[in-house]
Amino acid sequence: MEGPKLDVEVAGIRFLNPLILASGVADETGASMAEAVRMGAGGVVTKSLSLEPREGHPNPCVVEFPYGILNAMGLPNPGVRGYSDEVEEYLSTTRGSAPIIASVFGSSIEEYAMAAGAVKDLGVHAVEINGSCPNARGLGLQFGQDPLVIEDLVKEVKATVPIPVFFKLTPACSSIVDLAQAAQMGGADGLVAVNTMPAMKIDVRTRMPVLTNVTGGLSGPALRPVGVRCVYQIANSGKVHLPIIGAGGISTWEDALEYIMAGASAVQIGTAVTWGNLDVFSKIKEGMMTYMIEERIGRISDMVGSAKGVRS
Amino acid sequence: MRAPGEMEMVKVLKVIKESSSISTVLFSPVHIGRWSGLVPGQFLMVWIPGTDEVPMSVSFLKREPFRMGMTVQNIGEATQALCSLKQGDWIGIRGPYGYGFNLPSNVDKDLIIGVSGGVGAASTILAMEWARSEDFRTVNLVGARDRSLLVFRDRWRSISDEVRFSTDDGSFGHKGLVGDLLNMELLAMSDHERQRTMVFTCGPEIMMVQVKRLLDQFGVEGQFSLERFMKCGIGLCDSCSASGKRVCMDGPVFSGDAISLLRDFGRSHRDRSGRPLPLKECVR
């Protein structure tokens with residue numbers, strides 16, 4: 001008998017398994033991203049890229065909690081041009097075995113579109129619009145909380161690139177479905193849910209916020225139930241028909257399956273790569289395989305959105 | 001899976017001036033269990049409120065009463081703030097992070113040679129004290145630009161079976177590179193002795209490149225403590241990426257074999273935005 005199949009197709013892109021390295025984590029270089037694939041990732045998302053290089057915020061830029069990580073890197077990146085060697089190295093090392101999605105941001109809709117146009121030329125397989133980074137004033141989140149802006153932003157990026165476009169949603173909103181629907185109206189090919197949650201930490205000795213940026217984004221286990229809820233609500237809204245990539249606090253195979261059963265076709269893993277190691281990918285794959293054999297499930301897609309409450 | 005490294009606020013106990021530009025900051029954390037297991041070569045992220053947060057080696061660790069210390073050369077805003085700390089000031093520490101030096105089995109090795117350059121000595125001295133306490137024979141080769149930067153001289157003498165100093169300008173000890181001292185040391189040894197030797201090194205990368213070349217030439221095993229620009233210290237941001245490895249998580253101490261696979265070793269660093277820079281621009 002053939003074993004269960006882990007490969008998935010999301011917005012027309014095929015991944016050998018549904019585990020994707022999330023943006024901004026261990027993806028500074030082509031070699032780092034290729035390392036994630038060697039360790040079992042089915043795909044990767046680049047560091048969030050802008051047209052021009054950015055240094056990010058001064059330290060401290062992370063705070064660790066037992067249940068999550070608060071970070072405010074401030075979108076450091078070498079700019080799309082500065083990153084081209086990294087994509088090239090990634091593509092030549094992985095030889096098409098794992099798709100690469102480029103995360104982009106800008107300080108205006110035009111800048112987003114220009115960054116997307118520039119990454120397309122690097123040979124990436126898709127674009128992820130980072131419309132939800134909470135860590136840089138005037139960038140990211142301000143675009144991602146307003147449905148009208150989301151629609152225009154996606155429309156503009158779609159008009160610029162022929163490859164699939166994903167929109168990454170913030171959990172900091174009153175209606176995740178409204179935001180998802182706006183991305184759909186703009187023509188997005190898929191959604192990523194969710195980005196980090198705006199949060200902060202104050203040190204009581206110095207009475208200072210620890211992060212230089214004052215606030216940051218919370219990720220890790222604390223975020224997972226929020227992310228699962230967002231994915232479930234989008235998938236069960238009856239209004240949004242786009243494939244969803246789930247993200248937020250996934251570190252075990254159960255966590256990944258929770259997102260998949262909530263309605264995600266694939267998942268992204270970030271914080272777990274820093275707390276565990278890159279072997280988190282192979283461990284989750286093994287766990288999913290065992291589960292699928294036990295439960296007699298042939299394909300990942302058979303489980304997508306399979307969680308249904310008595311009242312959904 | 002490692003435990004999350006929550007920040008602990010600690011009060012500065014004392015700042016010891018080692019030289020005109022180098023100071024040791026002593027503090028005593030409350031959560032002793034967390035820090036007493038620190039392996040020499042591991043690092044801390046140190047928050048200087050209002051200024052910066054930087055990775056630092058632990059240069060001093062004593063039990064009863066529990067004390068930790070880090071030795072800093074004043075070379076920029078953060079290190080100047082560290083050197084200017086006063087007794088009673090609060091700083092935040094998190095860690096210990098990364099892999100430290102790996103003490104070999106006494107069955108395989110009997111000699112540890114420490115090769116230290118500049119403030120790299122802040123990392124090697126604790127490792128060499130440890131080697132000594134575990135009954136290894138210890139030879140320490142310690143180099144610096146000039147006499148004023150050659151710190152811990154008495155401490156080195158007290159933990160070494162043999163210690164030799166070098167300065168670039170000849171103001172103390174051998175005039176020249178610390179690598180020259182290593183070359184002499186290894187030349188004087190038999191093949192058997194070389195096989196029973198392990199080298200621990202930390203210092204400017206250009207120095208460690210020379211050490212690596214000598215170890216390869218003489219067939220001696222070594223461990224190298226690398227430095228890269230770090231933001232998070234926990235494997236998240238990848239700022240410290242070297243040929244696909246995260247120095248904060250896969251290092252900062254790498255075996256000679258691992259170093260051989262790092263194409264960036266001795267060649268390139270990354271700036272704050274992640275752009276590669278040739279090494280020479282980064283050497284301080």
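**View 1. B:Leu177 is partly exposed, with a relative accessible area of 44%.** Here, partly exposed covers the range between buried (under 20% relative accessible area) and exposed (over 50%), worked out with a 1.4 Å probe on protein chains only. You'll find B:Leu177 in the loop between β11 and α5 (178-187) of chain B. Helices (H or I, at least four residues) and strands (E, at least two) are DSSP runs, numbered from the N terminus. Leave aside the neighbours within four places in sequence, and B:Leu177 is in contact with B:Ser166, B:Asp168 and B:Gln210, where contact means heavy atoms within 4.5 Å. B:Thr167 is 10 residues from B:Leu177 in sequence, and the two are 6.8 Å apart in space, C-alpha to C-alpha.

A note for every view: this is a predicted model, in which local features need pLDDT of at least 70 and side-chain atom pairs count only at pLDDT 80 or more, while totals for chains, interfaces and linings use all residues. Residues are numbered from 1 along each chain as its sequence is written, chains are lettered from A and ligands numbered from 1 in the order in which they are written, and side-chain values use heavy atoms, with hydrogens and water left out.

**View 2. An open sheet of 7 strands in chain B, with mixed pairing.** The strands run in the order β11-β10-β9-β8-β12-β13-β16. At the edges sit β11 (174-175) and β16 (253-255) of chain B, each pairing on one side only. Two strands pair if DSSP finds at least two bridges between them. Strand β8 (residues 111-117) of chain B runs parallel to β12(B), joined to it by 6 bridges; B:Leu111, for instance, has B:Thr197 as its bridge partner. Strand β12 (residues 197-202) also pairs in the parallel sense with strand β13 (residues 221-225) of chain B, over 5 bridges. Bridge partners there include B:Phe200 with B:Gln223 and B:Cys202 with B:Ser225.

**View 3. A closer look at β12(B), and how many of its residues are buried.** It's 6 of the 6, so β12(B) is largely enclosed by the rest of the structure. In a regular strand the side chains alternate between the two faces of the sheet. In β12(B), B:Thr197, B:Val199 and B:Thr201 point one way, whereas B:Met198, B:Phe200 and B:Cys202 point the other way.

View 4. A:Trp253 and A:Tyr291 make a tilted pair, 5.7 Å centre to centre with 40 degrees between the planes. A:Trp253 lies in helix α8 (residues 253-262) of chain A and A:Tyr291 in helix α10 (residues 280-294) of chain A, so the pair ties together parts that are 38 residues apart in sequence. A:Trp253 is partly exposed at 27% relative accessible area, whereas A:Tyr291 is buried at 18%. Over in chain B, the ring centres of B:Phe224 and B:Phe265 are 6.1 Å apart and the planes are at 70 degrees, so this pair is edge-to-face. This pair links distant parts of the chain: B:Phe224 is in strand β13 of chain B and B:Phe265 in the loop between α9 (256-261) and β17 (268-270) of chain B, 41 residues apart. B:Phe224 is buried at 1% relative accessible area, and B:Phe265 is buried at 10%. As for the rule, rings of Phe, Tyr and Trp (its six-membered ring) pair if their centres lie within 6.5 Å; planes under 30 degrees apart count as stacked, over 60 as edge-to-face and the rest as tilted.

**View 5. Arginines over rings around B:Phe152 and B:Phe172.** The charged end of B:Arg155 sits over the ring of B:Phe152, 5.1 Å from the centre. To count, NZ of Lys or CZ of Arg must be within 6 Å of the ring centre and within 35 degrees of the ring normal. B:Phe152 itself lies in the loop between β9 (137-144) and α4 (153-158) of chain B, has a positive phi of about 60 degrees although it is not a glycine, and counts as buried at 8% relative accessibility. B:Arg153 has its charged end over the ring of B:Phe172, 4.5 Å from the centre.

View 6. Chain B puts 38 residues into the contact and chain A 44 residues. The interface has 3 salt bridges, each a side-chain nitrogen of Lys or Arg within 4 Å of a carboxyl oxygen of Asp or Glu. A:Glu35 and B:Lys245 meet in a salt bridge through their side chains, at 3.0 Å from N to O.
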